[in-house]
Each structure stands twice: as structure tokens, then as C-alpha cells.
Amino acid sequence: MYSNKPFLKIPPLSAAEYRRWAELLEHRLGIIVPQERKLFLQSKIWSRMREVGYTEYDDYWNFIQSGIEGNLEWSQLVDRLTVHETSFFRHKPSFDLVSDDLKAKIARSTKPLRYKIWSVSCATGEEAYSLAMMAQSICAADEKEAHFGVTGTDVSSPAVAIANQAIYSKDKLATIDEKYHAHITEVSDEMFVIKDHIKKRMAFGVFNLLDVNKPSNIKYDVVYCQNVLMYFDKAVREQILDGLVNYLNKDGLLVIGQTEINAWAHKRMARVNKSRTLAFRLK
Ligand SMILES: C[S@@+](CC[C@H](N)C(=O)[O-])C[C@H]1O[C@@H](n2cnc3c(N)ncnc32)[C@H](O)[C@@H]1O
């Protein structure tokens with residue numbers, strides 16, 4: 001029932017309710033919530049239910065299933081259930097790999113290069129802006145007029161909204177090399193914003209990795225997919241990677257987290273040999 005009454009104690013999810021919610025998450029997001037994470041699931045659902053005034057798991061379940069309003073609520077719940085931990089320039093060796101790739105392609109190209117990067121699960125945007133700041137510095141130093149664009153997507157629409165705003169806490173400056181500070185403006189004692197010359201290179205949107213095998217004509221030179229595969233089971237990880245291959249331009253790079261998959265191979269992809277990275281190139 002709908003209620004504004006305060007509640008202190010979290011009512012336990014019954015075994016059947018836990019199974020039903022865990023199956024919904026696996027079906028809609030591919031995310032596995034094992035029995036050990038039941039309390040996490042319960043507390044996240046409960047705190048969101050409290051915010052929108054529900055006191056019964058059943059009523060909230062029915063609300064989630066109900067048309068447009070239910071869909072909007074689902075995206076809020078997804079935001080609570082997913083982990084958005086991220087930072088600027090999170091894994092330097094992977095960024096160096098992309099930097100080397102862009103420089104090599106500029107050097108080889110005989111006409112102005114258009115280089116497109118996809119930050120696949122960009123959370124609140126730090127990864128996508130890091131790629132853009134890096135690409136901007138490389139393209140600006142080039143005489144051949146290279147251009148770039150970065151697309152950032154995530155399943156969480158609140159996270160994507162933060163990415164679009166491009167406003168971050170100054171604590172986050174610690175991992176941004178000073179040579180990139182020209183791309184940001186301090187807006188207060190606590191916050192900075194990404195400058196417009198970078199923002200205009202970006203496109204952010206909501207995308208569920210489980211849809212990656214649906215037909216698409218969009219192609220990128222880099223598909224950057226880090227710290228998300230670990231939330232899926234092995235078979236789903238492999239299906240996602242197989243799907244991401246179709247988004248690559250010829251000679252395109254797929255850059256994934258170093259420990260996120262074991263023994264994935266694809267007949268169209270060759271492993272890139274660079275230490276402390278896990279990446280593949282379209283043959
Ligand atoms: C830990 S963050 C990683 C952010 C960034 N890639 C990085 O490495 O810093 C994981 C992100 O994956 C997103 N995610 C989880 N399931 C997803 C799905 N099915 N499709 C797309 N993104 C998903 C979450 O919303 C979250 O923002």
C-alpha cells in the first residue's frame with residue numbers, strides 16, 4: 001500500500017520474493033545477484049520503495065511492471081542496484097593503448113581522420129571525458145586535421161544525466177594530469193565543469209549491453225568496455241563481446257578490463273600485445 005509513514009526496520013524479502021527480483025535483474029540487465037547478495041538487493045529495493053512511498057514488496061513489484069510510469073521507476077531502481085564507481089583516467093595502460101592507436105592512425109592517414117570512440121558503460125561520464133580530453137590533445141597537436149567524437153552510454157539514466165551535465169567534484173581532479181586541466185573550468189570551491197570544446201564532441205545515451213546483439217550500423221574505432229563485464233556470468237560476457245565486435249571499424253580496437261574475461265577468442269579479432277592491458281583488434 002502507498003504510505004508516508006516512517007519505517008525503521010527493513011522487512012526481509014521472502015525466498016520467493018528474492019528469486020523473483022533476482023530473476024528480473026538477470027532477465028533485464030544480465031546482472032546476477034547471488035544468495036550472498038540478498039541483503040544488498042533487499043536494502044536497495046527497500047530504500048527506493050520508501051522514497052516513493054511503498055511498504056509492500058508486492059505492491060512495488062506491480063508498480064515496476066506497470067507501463068510508462070513503471071519503466072521510469074525501473075530506471076531509478078536500476079541506478080540504485082548498479083555500481084557506478086569510476087574515476088578519470090582509471091586505467092592508464094588502457095588509455096595509453098588508445099593514445100598510441102590514435103597517433104598511429106593519424107600518422108598513417110592520407111586524409112583528415114575521423115576517429116570515433118565508444119565508452120560502453122560510462123557510468124557518470126568520467127571515462128568518456130578522459131578519452132575525449134586525451135583525443136583532443138592528440139588531434140590538436142596534429143597538422144592533418146584529425147577529428148574525433150566520443151559516445152558514452154550506460155544502462156542507468158540518472159548516471160547518464162550526470163555525464164551530460166559534466167560537473168564534477170574537485171576531489172576527482174587528482175587523477176587528471178595537469179596537461180589536461182586546460183579542458184576544465186573551476187566553477188566553485190568544490191566543483192569543476194568540462195569545457196564546451198570537449199562537451200561538443202560528446203554524445204551520451206542510455207544503452208543496455210544486453211541489446212548489443214540487435215542489428216546496428218554504428219561503427220567505432222575504439223570500443224572501450226571496462227569494469228562492467230564482471231557483473232555478468234561467463235556466457236553473457238562472451239555474447240556481449242561477440243556483439244561488440246560488430247561495432248568496430250576495420251582495424252578497430254576493443255579494450256576491456258584486464259581481468260574481466262578468460263579465454264575469449266573471436267575469429268575476426270586478434271589479441272593486442274601490450275602489457276597490463278586486454279585488447280583485441282579487428283582483422
Ligand atoms: C563500475 S561502473 C564502470 C564505469 C567505467 N566503465 C569505469 O571503468 O570506470 C559499471 C557501470 O556499468 C553499468 N551497467 C551495469 N549493467 C549494465 C548493462 N546491462 N548495460 C549497460 N551498462 C550496465 C552500471 O550502470 C555502471 O555505471
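**Figure 1. Helix 2, from end to end.** Helix 2 takes in residues 38–51, and its 14 residues reach 20 Å from the first C-alpha to the last, close to the 20 Å expected at 1.5 Å a residue. Here the expected span is 1.5 Å times one less than the number of residues, and helices (H or I, at least four residues) are DSSP runs numbered from the N terminus. Please keep in mind that this is a predicted model: local features need pLDDT of at least 70, side-chain atom pairs count only at pLDDT 80 or more, and totals for chains, interfaces and linings use all residues. Residues are numbered from 1 along each chain as its sequence is written.

Figure 2. Look for Ile-45, Trp-46 and Met-49, the buried residues of helix 2. They cover an arc of only 100 degrees around the axis, so they sit on the same side of helix 2; the arc is that of the directions from the helix axis to the C-beta atoms. A residue is called buried if 20 or more other C-beta atoms lie within 10 Å of its own, exposed if 12 or fewer, and partly exposed in between, with C-beta atoms placed from the backbone. Turned away from the buried side are the exposed residues Phe-40, Ser-47 and Glu-51. Helix 1 (15–29) and helix 3 (57–64) are among what covers the buried residues. After helix 2 comes Gly-53, with a positive phi near 90 degrees.

**Figure 3. Helix 1 and its cover.** Tyr-18, Trp-21 and Leu-29 are the buried residues of helix 1. Their arc around the axis is only 75 degrees, which puts them on the same side of helix 1. On the other side, you will find Ala-15, Ala-16, Glu-23 and His-27 exposed. The cover over the buried residues includes helix 2 and helix 4. Just after helix 1, Gly-30 has a positive phi of about 80 degrees.

**Figure 4. Where the two domains meet.** The protein is divided into domain 1 (15–81) and domain 2 (92–282), with bounds from an automatic or database domain assignment. In this view, 8 residues of domain 1 are in contact with 12 residues of domain 2, contact meaning C-beta atoms, placed from the backbone, within 7 Å. Helix 4 (residues 67–81) supplies the largest share of the side of domain 1 that touches domain 2, 4 residues.

**Figure 5. Around the ligand.** The ligand is surrounded by 23 residues, the closest being Thr-86, Ser-121, Ala-123, Leu-209 and Asn-227; a residue counts as near if its C-beta atom, placed from the backbone, lies within 6 Å. Domain 1 and domain 2 each give at least three residues to this shell.

Note on methods: Helix = DSSP H or I, 4+ residues; strand = E, 2+ residues; numbered from the N terminus.
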